[in-house]
Amino acid sequence: MSTTDQAPARPTPGRLLLAGAVVAVVAATLVLTAIALDRWGPGNIGRGFAVGAVVGSALAGFAIWRALRRPDRATSGDRLFVGRGDERDRAVAARTFALLGAWALPLTMAAFLAMALGAPADASMGMLFIAQVAVGLVAAWRAAQRL
Amino acid sequence: MRNSVPELRAAAGLTQSELAQRLEVSRQTVISIERGRYDPSLPLAFRIARLFGRTIEEVFHVDD
């Protein structure tokens with residue numbers, strides 16, 4: 001019987017309880033943070049946080065579902081996210097973070113330079129974050145292709 | 001590093017998924033090892049060799 005033919009392992013009641021507790025705590029923290037930011041934060045930061053939290057939670061849920069239901073079709077990141085990664089998955093993550101770390105300093109320097117030349121701080125920080133996410137995604141893709 | 005994993009796996013009548021299951025790694029890891037893209041750790045190399053009843057030197061070969 002191949003791995004893909006296997007039925008997913010049935011989680012124990014203890015693990016289900018722990019997973020439920022973690023989800024409840026994370027959801028409560030996100031909701032309370034969004035409410036607090038909406039009430040006391042500057043501008044529409046609360047709404048932005050809420051949208052980001054919903055999108056992030058949906059992506060995390062999708063990754064968990066994929067890694068648990070079809071581990072052979074999941075990515076290294078999916079498997080590592082649910083604690084089912086093997087040594088190659090960890091090697092892919094190590095290469096990804098190594099490349100991201102190497103790019104972090106020049107990207108941060110570019111953002112500081114932009115701000116020194118008069119670029120708005122919030123836009124510069126936003127671009128820095130987007131650039132780092134993009135570098136991380138490309139680095140993960142390259143590492144997965146090469147390993 | 002070259003290796004004889006594809007030949008040994010075929011001789012044992014195992015699919016990549018079955019080998020992955022026995023080694024407790026993902027199928028992608030088996031594919032990467034067979035293609036020579038990923039060199040397994042020493043513990044995994046030992047598990048692979050033992051699974052086929054060979055020594056590590058009989059399974060993995062250094063590129064010369």
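# Two chains in a predicted model

From the N terminus on, the elements of chain A run α-α-α-α-α. That makes 5 helices and 0 strands. The model is a predicted one.

How spread out is chain A against the globule rule? For 147 residues the rule gives 15 Å, but the radius of gyration of chain A is 19 Å, well over that value, so the chain is more spread out than a compact globule. The C-alpha trace spans about 65 × 40 × 15 Å along its principal axes.

Chain B follows another plan. Read along the sequence, its pattern is β-α-α-α-α-α-β. In total, chain B has 5 helices and 2 strands. With 64 residues, a compact globule would have a radius of gyration near 11 Å; the 10 Å of chain B agrees with this. Its C-alpha atoms fill a box of roughly 30 × 20 × 20 Å, again taken along the principal axes.

The table sets out values for each chain.

| Chain | Buried residues | Contacts |
|---|---|---|
| Chain A | 20% of 147 residues | 40% of contacts with a separation of 6 or more join residues 24 or more positions apart |
| Chain B | 45% of 64 residues | 55% of contacts between residues at least 6 apart join residues at least 24 apart |

Now the surfaces. Chain A has an accessible surface of about 10,200 Å², and 72% of it belongs to carbon and sulfur atoms. For chain B the accessible surface is about 3,600 Å², with 49% belonging to carbon and sulfur atoms.

## A residue in chain A

Look at A:Asp89. This residue lies in helix H4 of chain A, which covers residues 87-116. Is A:Asp89 buried or exposed? Its relative accessible area is 0%, and buried means under 20%, so A:Asp89 is buried. Leaving out residues up to four places away in sequence, A:Asp89 touches A:Ser76, A:Arg79, A:Leu80 and A:Arg84.

## A helix pair in chain B

Two helices of chain B come next: H2 (residues 16-23) and H3 (residues 27-34). Their axes come within 8 Å and cross at roughly 110°. Angles of 65 to 115 degrees count as roughly perpendicular. H2(B) and H3(B) are therefore roughly perpendicular to each other.

Which residues make the contact? From H2(B) come B:Gln16, B:Ser17, B:Leu19 and B:Ala20. H3(B) supplies B:Arg27, B:Val30, B:Ile31 and B:Glu34. By type, the residues of this contact divide into 4 nonpolar, 2 polar and 2 charged.

Conventions
Residues numbered from 1 in each chain as written. Chains lettered and ligands numbered in written order. Predicted model: local features only at pLDDT ≥ 70, side-chain atom pairs only at ≥ 80, totals over all residues. Heavy atoms only, no water. Axes fitted to C-alpha atoms, helices over the stretch in contact; angles between N-to-C directions. Helix = DSSP H or I, 4+ residues; strand = E, 2+ residues; numbered from the N terminus. Parallel < 35°, antiparallel > 145°, perpendicular 65-115°, else oblique. Contact = heavy atoms within 4.5 Å. Nonpolar A, V, L, I, M, F, W, Y, C, P; charged D, E, K, R; others polar. Rg over C-alpha atoms; globule rule 2.2 N^0.38 Å. Buried < 20%, exposed > 50% of the residue type's maximum accessible area, 1.4 Å probe, protein only. Areas by Shrake-Rupley, 256 points an atom, 1.4 Å probe, with all protein chains shown as cover.
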